[in-house]
Amino acid sequence: MILTHPNCLNAPPLFRYASSESLRRIYPMRISSLAAASTTISKAATQLENKDLIIQSKSNSAMEQLDIERGVCVPFRKYTPETVRTKVLESRGAVLSLLLRGVEIVWSLGLYWSTLMYDCLVGRDEEVVPYRARQLRNLLCDLGPSFIKAGQVLSTRPDIIREDYMNELCILQDDVPPFPNQVAFNIMEEELGQPLETVFSKISSKTIAAASLGQVYKATLRANGEDVAIKVQRPEIEPIIYRDLFLFRTLASFLNGISLQKLGCNAELIVDEFGEKLLEELDYTLEAGNIEDFLENFKDDPTVKIPRVYRKLSGSRVLVMEWIDGIRCTDPQAIKTAGIDVEGFLTVGVSAALQQLLEFGLFHGDPHPGNLFAMRDGRIAYVDFGNVAVLSQQNKQILIDAVVHAVNEDYAEMANDFTRLGFLAPGTDVSPIIPALEAIWQNSVGKGLADFNFRSVTGKFNQLVYNYPIRIPERFSLVIRSLLTQEGICFTLQPDFKFLEVAYPYVAKRLLTDPNPALRERLIQVLFKDDSFQWKRLENLIVLAKENVSKMSSNPALQVKDRQTSRKWQLKRKLDLTDTIKDGARLFCVDEGIRRQLLLALTEDSKLHIQELVDVYRLVEDQIDFPSVAREVVQDFPAVVRDIMLSWSNSVLSDK
């Protein structure tokens with residue numbers, strides 16, 4: 001549980017390590033040649049008994065780098081390179097099994113590589129890209145669950161694979177053949193320790209959904225008649241995953257030099273990211289914990305539905321959850337027929353996603369259309385919590401910084417934010433990236449929020465990370481995929497939907513009202529540009545924040561029957577600026593720099609900005625309970641006086 005915690009002859013057209021620019025243009029992936037892969041696998045197979053094959057200090061350093069980047073504590077780790085090695089080599093036939101699997105992989109991928117080489121030599125590389133991308137997807141399916149998961153990961157990694165192949169691999173997300181029902185039912189009985197008939201009065205004869213690691217059935221509990229979803233893991237999948245991870249990492253150890261040059265990190269680190277997440281998904285007890293964490297995060301939010309988990313009926317290979325009776329988000333007609341306000345529902349969905357990203361730090365990593373539902377009362381429902389992204393408090397604050405730097409058009413600092421987030425190796429020269437960032441952002445928002453398209457920005461960003469030594473950390477690749485998927489769902493339901501017109505009001509409200517003082521410090525950065533106070537920007541923030549509150553308050557899901565909950569949410573139907581005003585007053589009294597800036601703001605251009613103050617007051621007068629603010633200020637007065645005295649004494653001592 002995580003607490004927040006070459007040339008054309010030896011590089012196939014599948015890979016992006018050619019010296020020729022014309023070849024590089026058609027390479028979908030940034031990994032070295034399969035010819036080299038074949039050699040390294042055979043070498044590794046002859047050295048499996050050598051204890052120095054996997055040097056513990058090197059593997060530890062890769063895992064330590066991941067922990068440092070994430071800024072989270074991992075008290076129990078299912079994945080380490082040593083654990084994988086031990087699991088794979090514990091049986092007598094391990095070496096033979098690895099050799100056979102290595103031959104299968106090299107043979108299958110080698111045939112595919114040879115077709116790409118032929119395309120390159122005859123000059124038809126671009127015209128057959130859709131067919132070759134489809135061929136790659138089918139090949140990954142044939143090679144088994146590890147490669148399906150690898151394909152799913154590659155579909156979110158523009159730093160490794162080109163965009164047209166990424167789009168094809170996205171189909172792997174939920175288009176996987178199921179395994180036989182009887183096998184699934186046997187696994188259920190093994191985990192339950194009793195016949196299915198004693199627990200379920202009814203169970204579906206067909207799978208509701210099938211994925212790379214498991215599949216889902218609908219059933220009815222015999223005890224209370226409630227409908228549930230049963231997620232069952234694919235049979236004998238764990239040894240296969242461990243074996244393939246061992247081969248992946250062995251190959252990666254030979255590719256560190258190339259990876260450092262092209263991505264700025266060891267190839268082993270990328271495999272470790274992938275392996276860690278994959279083994280977490282294999283343990284359904286961890287997914288049950290994720291569900292409970294999401295339930296806790298959204299417990300007071302009547303606009304979001306998270307299914308309950310039945311712990312007593314669940315295990316490491318079977319997960320029983322509350323059945324969600326909702327409408328697929330890709331069925332706009334059904335949503336409209338149900339009387340759901342589409343615009344209100346989309347506002348709820350975007351706000352819920354931003355809450356996960358910027359507030360909770362626990363983010364649903366796979367919100368594809370099969371995992372998101374519209375409830376008939378206007379709520380949005382999430383299912384499938386095996387793949388989540390965990391963001392530390394530091395990560396969240398850096399993301400807010402990046403938004404602030406974008407608003408202030410400070411592209412040098414935005415580039416530095418990439419280093420702080422782990423996209424760039426420490427010490428990397430960011431100066432070549434700054435003009436590219438400026439071009440991407442200004443071209444995307446130059447016409448205003450109404451014309452902003454997240455997918456177009458991501459497409460340009462994909463080209464940036466593909467051309468520079470930028471690595472997208474796994475957690476952020478999940479975030480990007482999630483936001484892209486949800487924007488796609490929004491466009492399906494409402495073709496003229498403007499993503500930023502919902503996202504910006506939410507961010508504005510967060511800057512103005514968040515209880516975290518560190519975030520309100522970012523508000524000051526937004527309000528000052530080149531030491532000049534941005535009065536119009538403050539007004540826009542307030543207008544946008546009020547708009548977010550208004551849209552959220554109009555959602556039918558807030559019309560709850562429970563009076564206590566209604567009163568609680570009634571308070572949130574206004575823009576509560578009490579803490580912001582209180583903190584602003586404290587900063588004005590304590591911080592001499594802020595006090596000087598604000599006084600200068602009032603007298604800029606040799607005039608008193610009284611009218612601007614009046615305009616701001618008119619925007620917030622109906623949102624503020626002034627008696628309540630006065631009480632808060634009086635109660636906080638002793639602490640403010642203490643801080644003023646401390647600030648004064650510090651300034652006196654520093655002068656001496």
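## Ground rules

Since we're looking at a predicted model, local features need pLDDT of at least 70 and side-chain atom pairs count only at pLDDT 80 or more, while totals for chains, interfaces and linings use all residues. Residues are numbered from 1 along each chain as its sequence is written, and side-chain values use heavy atoms, with hydrogens and water left out.

## The big picture

The protein has 30 helices and 13 strands. Both are DSSP runs numbered from the N terminus: helices are H or I with at least four residues, and strands are E with at least two.

How much of the protein is buried? Of its 656 residues, 52% are. Here, buried means under 20% relative accessible area, exposed means over 50%, and partly exposed is in between (1.4 Å probe, protein chains only).

## Strand 3 and its partners

Let's start with strand 3, which spans residues 214–221 and is mostly covered, with seven of its eight residues buried. Strands count as paired if DSSP finds at least two bridges between them. Strand 1 (residues 200–203) runs antiparallel to strand 3, with three bridges joining them; K202 stands opposite T220 there. Strand 2 (residues 209–210) also pairs with strand 3 in the antiparallel sense, over two bridges, and here A210 sits opposite Q215. A hairpin with three residues joins strand 2 to strand 3.

On to strand 4: how many bridges join it to strand 3? There are seven, and the two strands run antiparallel. Y217 stands opposite I230 in strand 4. The hairpin of strand 3 and strand 4 has five residues between the strands, and G225 in it takes a positive phi near 75 degrees.

## One face of helix 4

Which residues of helix 4 are buried? In this helix (residues 81–89), they are P81, V84, R85 and V88. Looking down the axis of helix 4, you'll find those buried residues within an arc of 100 degrees, so they line one face of the helix. The arc is that of the directions from the helix axis to the C-beta atoms.

## Salt bridges, buried and otherwise

The structure holds 22 salt bridges, each being a side-chain nitrogen of Lys or Arg within 4 Å of a carboxyl oxygen of Asp or Glu. One of them pairs E287 with K231, whose closest N and O atoms are 2.9 Å apart. Because E287 lies in helix 14 (residues 284–297) and K231 in strand 4 (residues 227–233), this pair ties together parts that are 56 residues apart in sequence. Are these two buried or exposed? E287 is buried at 2% relative accessibility, and K231 is buried too, at 12%.

Elsewhere, E296 and K299 meet in a salt bridge at 2.8 Å, N to O. E296 is partly exposed at 46% relative accessibility, whereas K299 is exposed at 55%. R379 and D377 form another salt bridge, with their closest N and O atoms 2.8 Å apart. R379 is partly exposed, with a relative accessible area of 21%, and D377 is partly exposed at 32%. Finally, a network of salt bridges links R101, E104, R243 and D244.
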